[in-house]
Amino acid sequence: MKKVSVPATNDLCPQTLFVYGSMKQDNTPNFGLFCWFSYCWLDQLGVMCAIGGSKETLENIRRNRVFSANLVVESNLALADYFGTADGRDDEKMKIEVEWEEGAVLPVPVLCSSPLSFELEVEREIATGEQDETVFLCHIRNTLKAAELVEETLSSGDVYKATAAVRTCGDEDYWSWDGRHLGKWHERAKEIKPDVEIGAAARGN
């Protein structure tokens, strides 16, 4: 296979999306959409979460040291896209219908429409650039999974298909697990609030 040099890119590295749930100072929930999420080892399985730019979610995580990561799937993509479009510092952002509950182990908001949620506690923060470019290394303190996905009769392939996780690349589009186009960034958010405006810190918040 012949290869050629190109500028640094992640366009061939599809990433799974997560909605991060964190508590604001007034003890109300904030949800933001992120995709720079992967796994690491911290005596046991942990996660690493990269966040870039000034965001409400970043401030909440730094203050509380705990948050949730909720898998984005086709059935809640519009809601997730809204969370990544609306300005996190806008008091109107969370004035929508959204079902959430407190984590089973940590005091974090968990998105009920997600079939998989991690309750995370920050172990370490690593600055990767300016003040608001950072990576959090986190312990998984609890994992919540939809009951129908833990049936012993299901193969790993069955679970993957039933979950219908959404992914994205560097092209500002959403894709299904099997390659179907599910819309562009900030497009699906209008299904939640037609007049939503793209926040200054979009792709997170």
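## Contacts of Asp-81

A polar contact is a pair of N or O atoms within 3.5 Å; within protein, one atom must be able to donate a hydrogen and the other to accept it. In this predicted model, a polar atom of the Asp-81 side chain lies 3.4 Å from the backbone nitrogen of Glu-187. The side chain of Asp-81 also makes a polar contact with the side chain of Tyr-174, at 2.4 Å.

Asp-81 belongs to helix α2, which covers residues 77-83. Its relative accessible area is 0%, and Asp-81 is therefore buried.

## The open sheet

Seven strands form an open sheet, with antiparallel pairing, in the order β3-β2-β6-β9-β10-β5-β4. The edges are formed by β3 and by β4 (37-41), each of which pairs on one side only. From one strand to the next, the twist averages 35°.

Within this sheet, β9 and β10 run antiparallel and are joined by 11 bridges.

## Helix α1 against the strands

Helix α1 (residues 56-64) lies across β2, β3, β5, β6, β9 and β10, and runs at about 55° to β2. Which residues of helix α1 are buried? They are Glu-56, Thr-57, Leu-58, Asn-60 and Ile-61. An α-helix has 3.6 residues a turn, so residues three or four places apart point the same way.

The cover over the buried residues of α1 includes β2 (18-23), β3 (29-34) and β5 (45-52), together with β6 (66-71), β9 (116-127) and β10 (133-145). After α1 comes Arg-65, which has a positive phi, near 65°.

## Cysteines

How many disulfides does a search of the whole structure find? The search finds zero. Cys-40 is in no disulfide, and the nearest cysteine sulfur, that of Cys-138, is 7.7 Å away. With a relative accessible area of 16%, Cys-40 is buried, because buried means under 20% relative accessible area.

Definitions and conventions:
Residues numbered from 1 in each chain as written. Predicted model: local features only at pLDDT ≥ 70, side-chain atom pairs only at ≥ 80, totals over all residues. Heavy atoms only, no water. Helix = DSSP H or I, 4+ residues; strand = E, 2+ residues; numbered from the N terminus. Buried < 20%, exposed > 50% of the residue type's maximum accessible area, 1.4 Å probe, protein only. Contact = heavy atoms within 4.5 Å. Pairing = 2+ DSSP bridges. Axes fitted to C-alpha atoms, helices over the stretch in contact; angles between N-to-C directions. Disulfide = S-S within 2.5 Å.
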